[in-house]
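Student: I have a structure to read and want to go through its packing with you. Shall we take it question by question?

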Amino acid sequence: MKPRFNIWPLVITFFLVITFQNIVQQSVALNQVSYDEFIGLLESKQITEVVLGDTTIKGKTAPVEGKPPEVYVTNRVDEDAVKMLSPYNVKFRKEVENTFFRDILSWVIPPLIFVFIWIYFLKKMAQKGGGGPGGSLMSVGKSKAKVYVEKDTGKTFKDVAGVDEAKRELEEIVDFLKDKERYGRLGGRMPKGVLLVGPPGTGKTLLAKAVAGEAGVPFFSISGSEFVEMFVGVGAARVRDLFNQARKSSPCIIFIDELDALGKSRGANSMYGGNDEKEQTLNQLLTEMDGFETKEGIILLGATNRPEILDPALLRAGRFDRQVLVDRPDKTGRLEILKVHIQRVKYQKDLDLEQIASLTTGFTGADLENLVNEAALVATRKDKEFIELEDFTQATERIVAGLEKRNRILNDFERNVVAHHEMGHAIMGMALKSVDQVHKISIIPRGMGALGYTIQRPTEDRFLMKKEELEGKICVLLGGRVSEKIIFNHLSTGASDDLAKATDIARSMVTRYGMVKELGHVSLERTQQQFLAPDGVKSHDYSEATAKEIDDAVKLILENAYLRTLSILTNNKQLLIDSATELLKKETLEGEDLTRIKGSIIL
Ligand code: ADP
Ligand code: ZN
């Protein structure tokens, strides 16, 4: 620690001295007496000396046989006291009352209030601005800010559900932190840093806290994004501070969230003019990481959702040399997470959590927490005593497709087009065997952009897809546009998103999955980290001629899918028209209605 000049002890001493003086002055034993008693004392000639204050009169008796003189005090009653006193032949004088303390306060307090308000606002600015110039200014030389410490996180592995594999890997670290001597016994070395990798909301922070909680050690945390745009040197100072603090309270966990914001590949950064601050901070972090021994009982946990853009130096041995994947939960995982979060709310006794879990493919832990909350709100709005399944379904829809926007009005023609468009998707979804089930069709506009929607739900989580399934997906996507073509003989803008998705799938089939015979089983394209583009670029290593072949192959896939869709929908034109009319009337179709429509499809 560098010595710092601190004015506060001085100020406090000053005030203490003044207060003390005042108290001493005022507390000389005074006998408070009434006015007439005072007069009585005066008349019996006991008082030999009188002091007149603005509001009081003090009278002092003569010392009697070694006894010290006593002072009597009474409130001053009239201005003519002087006249009154004169016949009694006593000494008297007027005292100027001690208002020094009062004056000081009236001088000092207003500026003090002002200063405090000022500091308060600057602090606020520093917090809000994060990296803004105001914030940085305040933080200079005061680098302790922004390091969050929790003595006890209160989280345990029980709070984290559905990520058993990650937990298993972290358990070792818990054991180590609990008893580091035993761990080093055989010369084994703990990793210094473990990188938690996974999409946002999957519980990486929660896991890190749980590790600290399980081991009963303090949890230091800092977020990489807070270093962005700070003045040069501040970030590095903070990192230094963080490690110093952590050393003092080891064993402990240091958690660096959003490590990618800080640890982006340095070379790539400087291509864009560089960011000295980030570079310095990163360098400091690397230095600190190298500077401590795991023996000291500090374990670094980092979190990122983009490990591929991290500076390779961070991942080297002795740094974040172990990675733990924290992925989106599968159905069982989602069920477990729901069980954790549902405890906070009142819900129907025999609520089918499994069904909710199967409706929420792709949800992260944070999404599920949000879902429980949202379902509680839905049920509350309906004045229910507890949450039921339908509240969950409604909340799911809301989260999936954005809030209902009934008030966004389409004209009749537009609604008609949207109904046929969605019905086109739906009929294709029901006609093809290899695609996800159609659960619901709606022409109620939701959220941004979508005029209607068709919800398909996979019957199970999918990790592998066959060529037929991908082709089926393309047909379903094209269904909307083809339907518009058949009924209105037009092309509209409503299908642009569908087209983009269909093209992406077709392109992936050609370039990544090697599904086109003419091009061979070759992966032609992959996302790669590159020196010049830190965010990763599609790199390809094929010639112009191959590029042309790829384009042709993509076009062919789309063309075939288009023809197939056209033929299926033309065969079912009457059904398309009838069901679209029904959809227009009811706005949403699901359950039995869909089963009936599916039953009348001609293949
Ligand atoms: P990340 O750090 O990966 O972005 P968080 O740990 O901040 O995600 O998760 C946000 C919240 O979501 C947590 O506080 C927790 O309530 C909930 N959550 C996320 N994953 C899980 C999980 N696996 N089990 C239980 N709750 C979870
Ligand atoms: Zn569409």
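Student: Which hand does the crossing of α17 and α18 have?
Tutor: This is a predicted model, so every value here is computed from predicted coordinates. The axes of α17 and α18, the latter spanning residues 467-488, come within 7 Å. The crossing of the two helices is right-handed.

Student: Are α17 and α18 parallel, antiparallel, perpendicular or oblique?
Tutor: Their axes cross at roughly 135°. Roughly antiparallel would need an angle over 145 degrees, and roughly perpendicular covers 65 to 115. That makes the pair oblique.

Student: How many charged residues does the contact of α17 with α18 have?
Tutor: On the α17 side, the residues include Phe 413, Val 417, His 420, His 421 and Met 428. They meet α18 residues, among them Cys 475, Arg 481, Glu 484 and Phe 488. By class, the contact has 8 nonpolar and 9 polar residues, and the number of charged ones is 2.

Student: Where is Leu 432?
Tutor: α17 covers 412-431, and β12 covers 437-442. Leu 432 sits between these elements, in the loop.

Student: Is Leu 432 buried or exposed?
Tutor: Its relative accessibility is 8%. The cut-off for buried is under 20%. Leu 432 therefore counts as buried.

Student: Which residues does Leu 432 contact, leaving aside neighbours within four places in sequence?
Tutor: Start with Gly 472, which is 40 residues away from Leu 432 along the chain. Their C-alpha atoms are separated by 6.6 Å. With sequence neighbours within four places set aside, the contacts of Leu 432 are Gly 472, Cys 475, Val 476, Arg 564 and Ile 568.

Student: What is the relative accessible area of Ile 427?
Tutor: Ile 427 is found in helix α17. Buried means under 20%. Ile 427 is buried, because its relative accessible area is 0%.

Student: Which residues does Ile 427 contact, leaving aside neighbours within four places in sequence?
Tutor: Ile 427 and Leu 569 are 142 residues apart in sequence. In space, their C-alpha atoms are 7.6 Å apart. Beyond its neighbours within four places, Ile 427 touches Leu 569, Leu 575, Leu 576, Ser 579 and Ile 601.

Student: How are α19 and α20 set to each other?
Tutor: α20 covers residues 544-571. The axes of α19 and α20 are 9 Å apart, and the packing angle is about 125°. Oblique takes in the angles between 115 and 145. The two helices are therefore oblique.

Student: Which hand does the crossing of α19 and α20 have, and how many nonpolar residues are in the contact?
Tutor: α19 passes α20 in a right-handed crossing. The contact includes Ala 502, Ala 506 and Val 510 of α19, with Ile 550, Val 554 and Leu 558 among those of α20. Besides 2 polar and 2 charged residues, the nonpolar count is 9.

Student: What angle do α13 and α15 make, and what is the setting called?
Tutor: α13 spans residues 331-342 and α15 spans residues 365-381. Their axes are 9 Å apart, at an angle of about 45°. Roughly parallel needs an angle under 35 degrees. That makes α13 oblique to α15.

Student: How many nonpolar residues does the contact of α13 with α15 have?
Tutor: α13 passes α15 in a right-handed crossing. Ile 337 and Leu 338 are among the α13 residues, and Leu 368 and Val 372 among those of α15. The contact has 2 polar and 2 charged residues, and its nonpolar count is 5.

Student: Is Asp 383 buried or exposed?
Tutor: Asp 383 lies in the loop between α15 and α16. Its phi is near 60°, a positive value in a residue other than glycine. Its relative accessible area is 68%, and the cut-off is over 50%, so Asp 383 is exposed.

Notes:
Residues numbered from 1 in each chain as written. Chains lettered and ligands numbered in written order. Predicted model: local features only at pLDDT ≥ 70, side-chain atom pairs only at ≥ 80, totals over all residues. Heavy atoms only, no water. Helix = DSSP H or I, 4+ residues; strand = E, 2+ residues; numbered from the N terminus. Buried < 20%, exposed > 50% of the residue type's maximum accessible area, 1.4 Å probe, protein only. Contact = heavy atoms within 4.5 Å. Axes fitted to C-alpha atoms, helices over the stretch in contact; angles between N-to-C directions. Left-handed = near helix turned anticlockwise from the far one by under 90°. Nonpolar A, V, L, I, M, F, W, Y, C, P; charged D, E, K, R; others polar.
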